[in-house]
Protein chains: 2
Amino acid sequence: MITTTMIVARQYLESHGIRPSQQRIAVMHYLLTHRTHPSVDEIYEGLKGEYSTLSKTTVYNTLKALSESGAVLTLNIAGTMANYDGYVSPHAHFLCTKCNKIYDVELAHTELLGKKLPEGAKIDDIQLYYKGICGRCR
Amino acid sequence: MITTTMIVARQYLESHGIRPSQQRIAVMHYLLTHRTHPSVDEIYEGLKGEYSTLSKTTVYNTLKALSESGAVLTLNIAGTMANYDGYVSPHAHFLCTKCNKIYDVELAHTELLGKKLPEGAKIDDIQLYYKGICGRCR
DNA sequence: AAACAAAATTGTAATGATTACAACTACTAT
DNA sequence: ATAGTAGTTGTAATCATTACAATTTTGTTT
């Protein structure tokens, strides 16, 4: 079944120069409708019911392509595995080290305040990670 | 051979409540004298000549203990593996995605500017990562 | 100093995330 | 329709990290 949010996902892919295959649309759509910063495994488990032939390798390949084109964000906050975020506007993340949930954190300023970045460096990506215990877990 | 910086390493461990074994002193000393944000493997390779019986598991165990006590910082900037920093005062990091070197970045303000952190959360750790291409690699 | 207990170290095996790769399928353009 | 390119799939390999059991070291008590 094709929904309007899947058409959004398709157009989003196209606007990032990524050819919109079934699988890529599905992964992008999953990220746009699950703001939980899922791992590869969660995305794969969430989709394999609907797309019975889907391979985990495809999920990896897709996320790599999406991340390189800037369509999604790769989070390395958890250490053991990557998590993905379909919303790419500047924001930070908070990981609860007890329940392992990742929460979005708004930023006070758009620009992050690095002083003395290495001479002549070109910045492609900025990630601000908070870790701790969330209110529910305390 | 025991040097004065190794005594510093020993005292540093003790001040963090970590029993100063030979191996732990060696790892701590390595981090204090190599400000290169080394990986487990680099530390192990750097030390195994001098400590022939050293095991990589010990390096892992040691870094875990050091990190949990706050004596060292664990960086998850690289994605594939952890890197370690013996200097724990607040600062950010820049990873050159070409040469894979990690540089320190001073912060403009001591406090990092998260707005709307999850209700009632307790923050234990803040990491600010920049990624890009360093001046030498461009 | 000897004996004991607790903690640390070691080597190997297991785990888990990710990547490599080769065969197969789908899409595009002539 | 055909050929060529890009995308997908499943399996096997890789690499970082952890689990674990045996051994060694360290600290404490007698």
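Me: What area is buried between chain B and chain A, and what share of it do carbon and sulfur atoms give?

Reply: This is a predicted model, and in it about 3300 Å² is buried between the two chains. Carbon and sulfur atoms give 59% of that area. Buried area is what the two parts lose on being put together, summed over both, so the figure covers chain A and chain B.

Me: How many residues make the contact?

Reply: Chain A puts in 36 residues and chain B puts in 36 residues. The cut-off here is heavy atoms within 4.5 Å.

Me: How many salt bridges does the rule find across the interface of chain B and chain A?

Reply: The count is 0. Polar contacts do turn up: 10 residue pairs, both partners at pLDDT 80 or more.

Me: Which elements of chain B supply the side that touches chain A?

Reply: β4 (102-107), β5 (114-115) and β6 (122-133) of chain B each bring at least two residues. The largest share comes from β6(B), with 12 residues. By class, that side of chain B has 18 nonpolar, 8 polar and 10 charged residues.

Me: What makes the space lined by Leu31(A) and His34(A), among others, a cavity?

Reply: A cavity is a set of points where a 1.4 Å probe fits but cannot get out, so that is the condition this space meets. Its volume is about 40 Å³, and the count of cavities of 30 Å³ or more comes to 1. Its lining also includes Tyr84(A), Asp85(A) and Asp104(A), and divides into 3 nonpolar, 4 polar and 3 charged residues.

Me: What about the second largest pocket?

Reply: That one holds about 700 Å³ of space. Nearest its centre, out of 24 lining residues, are Lys131(A), Ser67(B), Thr74(B), Asn76(B) and Tyr84(B). Here α4(B) gives the most, with 4 residues.

Conventions. Residues are numbered from 1 along each chain as its sequence is written. Chains are lettered from A and ligands numbered from 1 in the order in which they are written. This is a predicted model: local features need pLDDT of at least 70, side-chain atom pairs count only at pLDDT 80 or more; totals for chains, interfaces and linings use all residues. Side-chain values use heavy atoms; hydrogens and water are left out. On a 1 Å grid over the protein atoms alone, a cavity is a set of points where a 1.4 Å probe fits but cannot get out, and a pocket is an open set with protein on both sides within 12 Å along at least five of seven lines; lining residues have an atom within 4 Å of a point. Grid points are joined across faces, edges and corners, and a volume is the space filled by probe spheres set on the points. Ala, Val, Leu, Ile, Met, Phe, Trp, Tyr, Cys and Pro count as nonpolar, Asp, Glu, Lys and Arg as charged, and the others, Gly among them, as polar. Buried area is the accessible area (1.4 Å probe) that two parts lose on being put together, summed over both. A salt bridge is a side-chain nitrogen of Lys or Arg within 4 Å of a carboxyl oxygen of Asp or Glu. A polar contact is a pair of N or O atoms within 3.5 Å; within protein, one must be able to donate a hydrogen and the other to accept it, and residues adjacent in sequence count only if both atoms are side-chain atoms.
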